[in-house]
Structures are given as structure tokens and as C-alpha cells.
Amino acid sequence: MERVKVLLPLPVGGGYDYRVPSEMAVSPGDFVRVPLGPRQLTGVVWGEANGAIADEKLKVVLARHDAPPLSDSHRRFVDWLAGYSLSAPGSVLRMSMSIPEALDPVPPVTGYRAAAFPPAKARITPQRQAVMEALVREKVIEAATLRDAAGVSGAVLAGMARAGLIEAVPLARRQPWRQPDPAFAPVTFSADQEQAAALISAAVGSSGKVFLLDGVTGSGKTEVYFEAIAEALRRSLQSLVLVPEIALSAQWLARFESRFGVRPAAWHSDLTRTQRRDVWRAVATGEAAVVVGARSALMLPMPRLGLIVVDEEHDQSFKQEDGVIYHARDMAVVRGMLEEASVVLASATPALESVVNVERGRYAHVVLTERHAGARIPRVKLLDMRAEAPPRGRWLSDKLVTEIATTLAAGEQAMMYLNRRGYAPLTVCRSCGLRLTCPDCSAWLVEHRLTQRLECHHCGFTQPLPNICPDCGAEDSLAPCGPGVERLAEEVTTLLPDARVAVAASDTIRGPADAAALVRDVQDGVVNLLIGTQILAKGYHFPRLTLVGVVDADLGLAGGDLRAAEQTWQMLNQVAGRAGRADRPGQVILQSWQPDHPVLRAIAANDREGFVAEEKAAREAHGMPPYGRLAAVIVSGRHTDAAAAAALAMARNAPTADDVTVLGPAPAPLALLRGYHRHRLLVKASHAVNLQAYIRQWFARCPHNRQVRIKVDIDPYNFL
């Protein structure tokens, strides 16, 4: 091609035309470096230029990167996601090339060895001594490995090299990725598992078919889709596994290694940039056969993709709320279709959207009804807090405390669940009634007693815990209101001083290493009572854990969220599923002030079909998803009057159309977020309406207003 269109990773509407020099050959999908104003940027050749600009006015492509091209199917996925989410294609592309240095030649690897003749008078610090001891055990060690082994920084190694204590040695390229072995340790399936695995494996890499792998907690869903991964490996195809939070998947990674002999390539924010560069390159070349990651892994270029698994497909964390707004589960289905890769959506509590897609014939339904190896579903008991209220200043009922004590005395383990981080969700002045709030958000500041700070869980603002009320000046008048997991741990330690307690929340489990340490402590019996938030509900398997107590079972039912009942039902079922997963029977106790609520009654009765039928009927009666479509439009600005006026003007410009209703504007429930005042409009439409086309037509009628920002969320999950 002599003239090409290059898409750049920028929030712009389309690509730019460039001229290709005669000595350079480029094809669609190639990564190229091009000039843009005074800068040089890397983009992707998207196709032939279609502009009418004369050749002499076009800038010239500067270089082509020696990197695997972006496949045609991946480029179509970028365009599809951009159109669906009403985002700029360049913004979507940016997610696929998030590590630009991965496109450059792999830099040489530096190793170190002890100097043959070190200077006699060189200063030997404890850090330098640790390096020397590590080098005694190995002749040459790669720099990164040596840093980790000795617990030192790169500056220490550089200083030792300058001092003549160690010598730098160029090493060959990093070792190739070890490939998972599908025959390493095959498992013995139950009849249901074997049938499910055979059905899914037969479709790997050939159909773009979608399976809803629907099984009760502990039924062996992971082993079933592991067999599908094994089949993809046999066919030399790549597999992508999406999990809600990669940092919390320590047990999953260990199970994968036990099955396939090695760990998969991992993609998550806890990796260093060097690690991310290596993973991106290995995935893009096809060298990494299996990748596990959070939702951003969906954007990795994979030339031989044959299988996508979305584990815990119901989980809200698959929805990206910032930048390009999308749901990774739904986009995984789209990518599978474009790549002709099979897709497995796995869950014990499938999203209502997935259930309805099964009914409509879009997804195949694969069901596992029994727990693996004879384990039984735990018994669930509702505890009416109106009759069993704890003493003032406590949050655990006497009955729950007694059950915890009995469980621990039997040598078993227990878990307390409360989806509130920190010590207390609200701090109030007893003298003047002031509630401590975030200066940048319409939110209370949460007390974190372990760090002696107040924190906003929406924008990250923090401040030290004050001793004096900032409003009335009263000393020692600030009182915590309500419990968080830290406060529960304090209460349990007082009531059960012999309990070995660990608190598990995003404040304490910050990455894979923390998660692995927690798993070891529970498995080794160092911890026998876990207290945590929703991170404990995601896939953990502790054979001796037989009691789960939910402290505030109706916490998620308040408010007007469309999915409040569904999400509460899913979360409580997932938490309950941690109990009794081996040969010891489990029980679940739900503390509730609304024990007659239909959601809680359905959980106690293990009546999934009844709950789903009732929830579907309510959604269908009001034309709500999955029986209708929604789009949220959020107008925000630094000045509340400007944001309100812009939102009102937008509402007045909304086109009239059949089967479309525009609701609002109204101040958002979280009216101030990160310093921006927010107003919301909600578009409600039938499935017959092209929602994106309607919104484009609407926005074309609205004058541009530089005082506000407008965000569109197709199929919203967050109504704050």
C-alpha cells in the first residue's frame, strides 16, 4: 500500500492518512511509528487511506515495528466495542497496546557474577553481603532474580559493579514460556462433569458457541473448563480466562499448576512494567498458550484464540466504569463470535441476562447439580435480629457467637461476612451532630482504625483521624457509627480471645502475595476465623470451613438499584457456598432485620427457581433489562448550576421516538464525585431500538458545552 490509514491510541474519531515510503512494506494490522504534529506516536495500520489529500501533503510513515500485527478479527473487535460503547476507536485501541515498550526489540538481559579479584578495602554493607551470599550459590544470576533473592534495589547492584565487587554479564534472551501440559495430571470426573466437559471441549476453537456452565458452589466447574483448556492446548490454540480479581486468585493458580504442571501467564495491575511487557509480547506472538487476568486481559492480542472463559460471570467487577465503559462478560461473547472461539460463562449464580439468553437459545446450558465428592449444600438459618438483637455496642447476636465458639472448639473454621471495609462507615460528633464527609464527594468518610485515618472509598481522599470536631471544636466528641470488618474483629477478639482471627478486605489483601499468604494461614490452621468483605466470596475452597455468618444480610437491599435484589441473592449464595465444601457438613447463619424479605426467604429455602422467576417477572413487567435496554447519561461539571443547566438543555433536545423514554435529569445519588457535580438522565428503550444510533442523533442536536463533561454508559450497572 502506498497510502494508509493509521489508527492512533488517542480519543479521536478515526485514523489519519499517511504516505508509505517506497522502501517500506506495510500491511493492515502492522504497528507503525508516525509523526503527529511535533510528536512521534505508534499506531496501527487500519487499512488503505481513503482521503483526497495530495501525496505531497501527507506525512510519511517513519518506521514499522518488528512486532506481531494486530489480527483482522481483533481490529474488528476494536471497531465493534467502540461503536457499542460510543467511544473513540483510538481509546479502545489504547487498551490493546497498553504497554508500548512491548513493541520494541527485546532488550538484552543483564546478569551478575562475583568479581574474580574484588578490591580488598571495598565497603561491605548488609545489603552487599546479601548479594555476595546469593552469588556464592549460583555463578551467574539474572539482575531481576538477584534483586529478589537478596532483597535489594537495582541501585545497590549498580554500586557494587562500580566498586568492582561484582561484574555485569550479558545473558541470552529470557527462557521461553513453559507450556502447560494437557496430560500432566488429568482428573477423575463425576458423570455430570464428564458429560459437561465433553460437550464444551468438542466445540473449542471451531464454532464461537457460548456455554453457560451453571453449577452449585463446589460442583467442580473449574475442573470442567480446565478440560476445555486442555483440549485447546491439544489443538495448539490459546485460551483466555477472565476472573473477577486476579490478585485474589492464589488458589486458582495453584489448582491450574496442579492440573497442567506450570502456571499460566498472568495479566493484572500488580505486575511490573517489565513483566507486563514480557507477557504482552508472549501473548501476541502466541508463545503464551493460556492467559488468566482481570477484565483488561480481554483486550490482549491473541492470534490463535480458541477459548474464552469468564469465571464468576455474574460478578460486578467485570463492568468497567471509567474510560471506555464496557462489561467484559458481554464483550467476551462478542470477541468469541468474531474470533470463532468458544466462550464459557461459569457461575453458581448466573446473571439474569445469561439465564434469559439460555431461554432464547443464544447460549447452551450446561448444568452441574451436585457438589463434588459427595459434599452437601450447607444448611441456611435466618436469624431475626428484631428478636435476637445483641447488647448495645455489639453487632453479633449471642446465638451467632455461640455457634462460632462451638465450631472453633470442634477444630473447624468459621467465616464472618460483612461488605464494609474499615472500622465504621460513619463518624458523628456527639456535641453538634456533624457527620464527617469527603470534601470532594457526597459520601461519608470511613474510619480505618488500623491506620488511624478517615478515607473516602469513592475518590481515595484521606485525612488523619481528628481528636477535635472541625465544626464545633468539641474534644473527644467524635463517635464511630455502625460496624466495618475491623470493628467486627475487635468485637470477636473480646468475646472469643482464643480465636485466631484474620481480616480479609482490599485494605489487607493488596495483591497475589497477600492472598497466597492468607490461603496458607487458613490451610495450615494458623487462622481459624476469617472476617472479610466480598473478596472472600470469590472461589476460595477451605475444607475445614464449616460455618459462615453474615452479619447484615439485608445490607444490599436498600436503595433503588435495578439489580439490588439479584446482586444480594448472588453475593449471599456465593458467601454461603464457602461452607461445608468437603466431608464436614456446613451451616450458614444470616443475621437480618428483614427476615421476611423474598430474597432472604429464597436463600434460606434454597429456592433459586422461585427467586429467578419472581425477578424475571418484575423486570419484564417494567421493560427493564434483560427485557429492555437502558443507557445512562451523566452530565458533570465543576459548578453545580452549569451541570444542572446543561443536563436540562440535553433533556429538551432529546428526539421523540417510538419505544424510547428519556427520564430526568435529576441530581445523581452521588451528586458530587471527585469535585464534579453530577446530574443523570436515563434512556429506556425496547430491544427493537438502535440505542446507540438514537444517542448519536440526540447528541448531534446538543450544542457543545465546554463547562461540562458527558459520559454515556450503555447497559449501566452502577446507578450512583
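## Basis of the exposure classes

A residue is termed buried under 20% relative accessible area, exposed over 50%, and partly exposed in between. Cys-459, at 27% relative accessibility, therefore counts as partly exposed. The structure discussed here is a predicted model.

## Cysteines

The count of disulfides comes to zero. Cys-456 takes part in no disulfide, and the nearest cysteine sulfur, that of Cys-438, is 3.8 Å away. With a relative accessibility of 1%, Cys-456 is classed as buried.

For Cys-459, the closest cysteine sulfur also belongs to Cys-438, at 3.6 Å. A disulfide requires the two sulfur atoms to lie within 2.5 Å, so the sulfur of Cys-459 is too far from that of Cys-438 for a bond.

## Segment after strand E32

Tyr-717 is found in the segment that follows strand E32 (708-714). Its relative accessible area is 7%, so Tyr-717 falls in the buried class. Along the chain, Tyr-717 and Val-612 are 105 residues apart, and their C-alpha atoms are separated by 18 Å.

Notes:
Residues are numbered from 1 along each chain as its sequence is written. This is a predicted model: local features need pLDDT of at least 70, side-chain atom pairs count only at pLDDT 80 or more; totals for chains, interfaces and linings use all residues. Side-chain values use heavy atoms; hydrogens and water are left out. Buried means under 20% relative accessible area, exposed over 50%, partly exposed in between (1.4 Å probe, protein chains only). Helices (H or I, at least four residues) and strands (E, at least two) are DSSP runs, numbered from the N terminus.
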